Amino acid sequence: MNAIICHGIKSKENFDKMTIPMCAAIWYPWLQQKLILSGIPTQCPSFTNSWLPARNYATDTDLMNRMPIDDKTILIGHSCGGGMLIKYLTDHPKIKISHLVLVAPFIDPTHQFTEYFNKFEPDATIPNRVGRIDLFYSTDDHYGDWIIKGCEKLEKLWPGMHVHKFTNRNHFSASDVTEFPEVWDILKPHSR
């Protein structure tokens, strides 16, 4: 068993101000450490040029293709990282995984970032290849319909997934959000 955490993006201006890599920001290292301490090797790769429109799906795919992914793998994606995982699983229909955790996934429901998402539609059969899917989102997300419409679309497309809907968590990305116990609570059973 292993886990991979895929981070989101920032604006170019905010990305340039960062003093640590995106993969070490907010709650990612906390969750990575919890998983490692429970015996699950966990990677949080650093995706290059992590702002739109510079983030490149082909480059992200190349990195994902080098990751160990099999039917015991847990994939966790936040924001654009969640959207990338959905697109990656859509584009790779033979991949089977144990658990998919999506946190405020950005799937570009209004097709504004065609350089990255190329107007893709999530595969309705992904739940057939995933042991469990959990979706976390908040109705006060500061990205508004970009996130909420995408999450509602996924809820309709994959009715059997576990939905964790909040009203006060924004985009789960404030600089003081250094822990995410709700995600850990659903992943703990894997560590037994």
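This is a predicted model: local features need pLDDT of at least 70, side-chain atom pairs count only at pLDDT 80 or more; totals for chains, interfaces and linings use all residues.
Colleague: Next, helices. How many residues of α4 are buried?
Modeller: Eleven of the twelve are buried, so α4 is largely enclosed by the rest of the structure. Among the buried ones are Cys 80, Met 84, Lys 87 and Thr 90.

Colleague: What span should α4 have, and how far apart are its end C-alpha atoms?
Modeller: At 1.5 Å a residue, α4 should span 16 Å. Its end C-alpha atoms are 16 Å apart, which agrees.

Colleague: You mentioned α6. How far does α6 reach?
Modeller: Helix α6 covers residues 145-157, and the distance from its first C-alpha to its last is 17 Å. That is close to the 18 Å expected for its 13 residues.

Colleague: Which residues of α6 are buried?
Modeller: Ile 147, Ile 148, Gly 150, Cys 151 and Leu 154 are the buried residues of α6.

Colleague: Why do they line one face of the helix?
Modeller: Seen down the axis of α6, the buried residues fall within an arc of 165 degrees, so they line one face. As background, an α-helix has 3.6 residues a turn, so residues three or four places apart point the same way.

Colleague: What covers that buried set in α6?
Modeller: The cover includes α4 (80-91), β4 (97-103) and β5 (130-138).

Colleague: Now the loops. Where is Asp 123?
Modeller: Asp 123 is in the loop between α5 (114-117) and β5. Its relative accessibility is 18%, so Asp 123 counts as buried, the cut-off being under 20%.

Colleague: Which residues does Asp 123 touch?
Modeller: Leaving out residues up to four places away in sequence, Asp 123 touches Thr 90, Arg 129, Leu 157 and Trp 158.

Colleague: And Asp 71, where does that one lie?
Modeller: Asp 71 lies in the loop between α3 (57-65) and β3 (73-78). At 48% relative accessibility, Asp 71 counts as partly exposed. Beyond its neighbours within four places in sequence, Asp 71 is in contact with Lys 96, Ile 97 and Ser 98.

Colleague: How many Å apart are Asp 71 and Glu 13?
Modeller: They are 38 Å apart in space, C-alpha to C-alpha, and 58 residues apart in sequence.

Colleague: Last topic, backbone angles. What is phi for Asn 170?
Modeller: Asn 170 has a positive phi of about 55 degrees, although it is not a glycine. Most residues other than glycine have a negative phi. Asn 170 lies in the loop between β6 (162-166) and α7 (181-187).

Colleague: What about phi of Phe 172?
Modeller: Phi of Phe 172 is also positive, near 60 degrees. Phe 172 is in the loop between β6 and α7.

Colleague: Are those two buried or partly exposed?
Modeller: Asn 170 counts as partly exposed, at 29% relative accessibility. Phe 172 counts as buried, at 1%.

Notes:
Residues are numbered from 1 along each chain as its sequence is written. Side-chain values use heavy atoms; hydrogens and water are left out. Helices (H or I, at least four residues) and strands (E, at least two) are DSSP runs, numbered from the N terminus. The expected span of a helix is 1.5 Å times one less than its number of residues. Buried means under 20% relative accessible area, exposed over 50%, partly exposed in between (1.4 Å probe, protein chains only). The arc is that of the directions from the helix axis to the C-beta atoms. Contact means heavy atoms within 4.5 Å.
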